[in-house]
Amino acid sequence: MKIRFIVMTALLGVSATASSQVLSPDGYGKIQFGQRLDQVERKLGQRATPRPLDPSCPIVRFKRYPQVSFMVENGVIVRADARTVVRNSAGITARMSAKEALRHVPGLRSELHKYDEQGQVLVLPKGENKALIVEASKGKLTTMRAGIKPAVDYVEGCG
């Protein structure tokens, strides 16, 4: 009985950690946009990789958050990118089409994609300087990102 309790507690702990990994205009998991990279590393108890940072396009990852990469500008985390649709503050899911996402989320707006003629960029602004962005191609949601402007608006990833 004691082992079952320990296993259940461990599983609940994993579930709570997974559920806290939400992409929002403010951050992802325990990482808040605008925090210094060294502060985040101390908070998480792990170093970002790769080391040393590429000064032309500093993108880092943390083992704790394998689905997301983070952009660093002047030592500050300014953006998170996911190669798929991840759990997010808007409630957008991978099963939704671009049209469904636009109907589901008040304030979400559609813009033309810079490179994909059949693409859209769905933008959910938060104030004037933060946003959650979902890219779509042929109506299908493909990638997500969130962060502080202007970094969150960079189509190529680095400005």
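What share of the contacts with a separation of 6 or more comes from residues 24 or more positions apart? I looked this up before anything else. In this predicted model, such residues account for 41% of those contacts.

**Entry: the parts list**

I went through the elements next. The protein has three helices and ten strands. I wrote down their order from the N terminus: α-β-β-β-α-β-β-β-α-β-β-β-β.

**Entry: a sheet of three strands**

I turned to β1, β2 and β3. These three strands form an open sheet, in that order, with antiparallel pairing. β1 (23-24) and β3 (31-32) are the edge strands, and each pairs on one side only. I checked how β1 meets β2 (residues 27-28): two bridges link them, in the antiparallel sense. Leu23 faces Tyr28 of β2.

**Entry: β10 and its partners**

Which strand does β9 join through eight bridges? I traced β9 (residues 130-137) and found β10, running antiparallel to it. Lys130 has Ile148 of β10 as its bridge partner. I then looked at the hairpin of β9 and β10. Two residues sit between the strands, and Lys138 takes a positive phi near 55 degrees there.

β10 (residues 140-148) also pairs with β6 (residues 76-82), antiparallel, over four bridges. In this pairing I found Ala80 opposite Ala146 of β10.

**Entry: the cores**

I asked how much of the protein is buried. Of its 159 residues, 38% count as buried.

The largest nonpolar core holds 35 residues. I noted the members that touch the most others: Leu23, Ile31, Phe62, Phe70, Ile77, Ile92 and Leu141. Several elements each supply at least two residues of this core, including α2 (37-44), β5 (68-73), α3 (98-104) and β8 (119-126). Which strand gives the most? I found β10, with four residues.

I picked Phe70 and listed its contacts, leaving aside neighbours within four places in sequence. Tyr28, Ile31, Pro58, Ile59 and Val60 are among them. Phe62, Tyr65, Ile77, Arg79 and Ala80 are on the list too. Ile31, Phe62 and Ile77 had already come up in my core entry.

The protein exposes about 9500 Å². Carbon and sulfur atoms supply 56% of that area.

How values were computed: Residues numbered from 1 in each chain as written. Predicted model: local features only at pLDDT ≥ 70, side-chain atom pairs only at ≥ 80, totals over all residues. Heavy atoms only, no water. Pairing = 2+ DSSP bridges. Core = buried A, V, L, I, M, F, W, Y, C linked by side-chain atoms within 4.5 Å. Buried < 20%, exposed > 50% of the residue type's maximum accessible area, 1.4 Å probe, protein only. Contact = heavy atoms within 4.5 Å. Areas by Shrake-Rupley, 256 points an atom, 1.4 Å probe, with all protein chains shown as cover.
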